[in-house]
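Biologist: I would like to learn how to read a protein model. Could we go through some features one at a time?
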Amino acid sequence: MLAYHAQTVHSYRSVRTKSHSIDWDHPPQQFKIYPETFTRIPLDKKNPDHRFFYLIGGITAQKSYPGVTYALRTNPSAGALYPTEVYVQIRDVEGFKDGIYHLSPRETSLVLLYPLSEHEGVESFLHVKKIKGFVFLFSALYYRSSWKYKDRAFRYCLHDTGHMIGTLEASCTLSAAAYHLLYGIDKKALNKLFGFGKEEFFLSAAIVGEEDESFTYKEVSMRLPYVNGTGTFEVNECVEKAYDETCELILHAQTTLPLFDLDKERFTQAIWKRRSIRDFMQKPIAKDEFLEVMEFITQPIPSDCDVGIEIYAIINRVEGMWQGVWKEGVYLQSGDFTRKAGYLCLEQALGAESGVTFFLVGHDEQNYQAMVQKAGIIGHRLYLISTYLGFGCSGIGAYYDEEVMTFLQSDGMVLYSLAIGH
């Protein structure tokens, strides 16, 4: 097991004995805003080309509590802290000036960071040739998560980036556009190019466009100002070390595209309405709905580093199915494990009251960054298909890691848990 993952496991004892103070009076900023001197392109949801971007991390609602207001987005985030930032290179797309942009949810706009000359681009950092279309770059401002979750925050940054990639996949689905993910990019060189401090780092990229293999661009020579994206900041050496030690990957390409059979208007509404459910009525879901969920979340994810992830489902309340632990169409254990599922999910009722509680497990520590992001993508698919079918979903990032492994009789790393149901 990867050392970082092992160091950040939860146990019955650790959650009761570790000191964990949170400076509630000084939370990090949730939005990165570039200076006013940079040109903005306001995003109009009625414009199909603009809506493509708005569906990727756009603000969909406001939620207020005493003393604080949260801006909810198309992507879920652990603790509503939203560490993931999105940058995009656009070339040869009608209605947009060739350049490198920052997607600014707060301003509902694309911010032009650098106009591209005819012979330069970020392609060389991604080990590809000329891309006509969009090149997305996903980064994390880790203190937005470590402020609350401390060392375990790197897991959540990877989850949340996977969810953001999931919003890209959903937007591409509605636009009938193909995409391909890239994890084996020159992350640290890109960090330097974009003027990041140590508190922000790139994790992955995605191509939505066509590659011209006959043309190679020279590296971009832009000089961007440093922009503080969190306000307050506190170094977390564990997170920074985990990032440094997991940047190098062993690539395994997956080129097959997912095939989603969906009503586009209904799917669009699912994107807008998606929320993390807070409790279940304990009403069963139907067997055909569960099987549709499984068909949806196990579609291929095209990337340069496809990592296997095992999906365990604890069947709590599914009409026409026995209760038990189910994996790839086979029952590993039969019985009522509702209370056990709740206990394993850090004693949260969601795990016990759901129709199904999922645990995603991986074994590839060499490709840790790609693996946990893929778990986030699967998690986002689970959110969207649940909403599409008329029930709820909630991501559960905290669980008793080693006890889950023992219960599932697995020697893998527990990457994510999610619960679905009515």
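Modeller: We can start with a definition. A crossing of two helices is left-handed if the near helix is turned anticlockwise from the far one by less than a right angle, and right-handed if clockwise. Keep in mind that this is a predicted model.

Biologist: Which hand does the crossing of H6 and H9 have?

Modeller: The crossing of H6 and H9 is left-handed. The contact is made on one side by Ala170, Thr173 and Leu174 of H6, and on the other by Lys264, Phe267, Thr268 and Ile271 of H9. Sorted by class, that contact holds four nonpolar residues, two polar ones and one charged one.

Biologist: At what angle do helix H6 and helix H9 pack?

Modeller: Helix H6 covers residues 153–175 and helix H9 covers residues 264–273; they pack at an angle of about 155°, and their axes are 10 Å apart. Angles over 145 degrees count as roughly antiparallel. H6 and H9 are therefore roughly antiparallel to each other.

Biologist: Is glutamate 265 buried or exposed?

Modeller: The cut-offs come first: buried means under 20% relative accessible area, exposed means over 50%, and partly exposed is in between. Glutamate 265 has 51% relative accessibility, so glutamate 265 counts as exposed. Its place is in helix H9. The C-alpha atoms of glutamate 265 and leucine 174 are separated by 8.8 Å, although the two residues are 91 residues apart along the chain.

Biologist: And phenylalanine 125, buried or exposed?

Modeller: Phenylalanine 125 counts as buried because its relative accessibility is 5%. This residue is in helix H4, residues 123–126.

Biologist: Which residues does phenylalanine 125 touch?

Modeller: Leaving out residues up to four places away in sequence, phenylalanine 125 touches Ile185, Asp186, Ala189, Leu190, Leu193, Glu219 and Val220.

Biologist: Now strands. How do the strands of a sheet pair?

Modeller: Strands of a sheet pair through backbone hydrogen bonds, either parallel or antiparallel. In this structure, six strands form an open sheet in the order S16-S15-S13-S17-S19-S18, and the pairing is antiparallel. Strand S16 (330–334) and strand S18 (392–396) stand at the edges, each with a single partner strand, so one side of each has no neighbour in the sheet. From one strand to the next, the twist averages 25°.

Biologist: How many bridges join strand S15 to S16?

Modeller: Four bridges join S15 (residues 324–327) to S16, and the two run antiparallel. Lysine 327 stands opposite valine 330 in S16.

Biologist: What are the partners of S13?

Modeller: S13 pairs with strand S17 (residues 356–362) in the antiparallel sense over seven bridges. S13 also pairs with S15 in the antiparallel sense, over four bridges. Isoleucine 314 can be followed in both directions: it stands opposite threonine 357 in S17, and its bridge partner in S15 is valine 325.

Biologist: How many residues of strand S13 are buried?

Modeller: Strand S13 (residues 309–315) is mostly covered, with seven of its seven residues buried. Both faces are covered: Ile309, Ile311, Ala313 and Ile315 lie on one side, and Glu310, Tyr312 and Ile314 on the other.

Biologist: How many residues of S4 are buried?

Modeller: In S4, eight of its eight residues are buried. One side has Thr84, Val86, Val88 and Ile90, the other has Glu85, Tyr87, Gln89 and Arg91, and both faces are covered. Eight bridges join S4 to strand S8 (residues 130–141), running antiparallel, and five bridges join S4 to S5, also antiparallel. The bridge partners of valine 86 are phenylalanine 138 in S8 and leucine 103 in S5.

Biologist: Last, what should I look for in the phi angles?

Modeller: Most residues other than glycine have a negative phi. Aspartate 92 has a positive value, near 60°. Aspartate 92 lies in the loop between strand S4 (84–91) and strand S5 (99–104), and its relative accessible area of 40% makes it partly exposed. Leucine 346 also has a positive phi, near 55°. Leucine 346 is in the loop between helix H11 (338–344) and helix H12 (349–353), and at 24% relative accessibility it counts as partly exposed.

Technical notes:
Residues are numbered from 1 along each chain as its sequence is written. This is a predicted model: local features need pLDDT of at least 70, side-chain atom pairs count only at pLDDT 80 or more; totals for chains, interfaces and linings use all residues. Side-chain values use heavy atoms; hydrogens and water are left out. Axes are lines fitted to C-alpha atoms, for helices over the stretch in contact, and angles run from 0 to 180 degrees between N-to-C directions. Angles under 35 degrees count as roughly parallel, over 145 as roughly antiparallel, 65 to 115 as roughly perpendicular and the rest as oblique. Contact means heavy atoms within 4.5 Å. Ala, Val, Leu, Ile, Met, Phe, Trp, Tyr, Cys and Pro count as nonpolar, Asp, Glu, Lys and Arg as charged, and the others, Gly among them, as polar. Buried means under 20% relative accessible area, exposed over 50%, partly exposed in between (1.4 Å probe, protein chains only). Two strands pair if DSSP finds at least two bridges between them.
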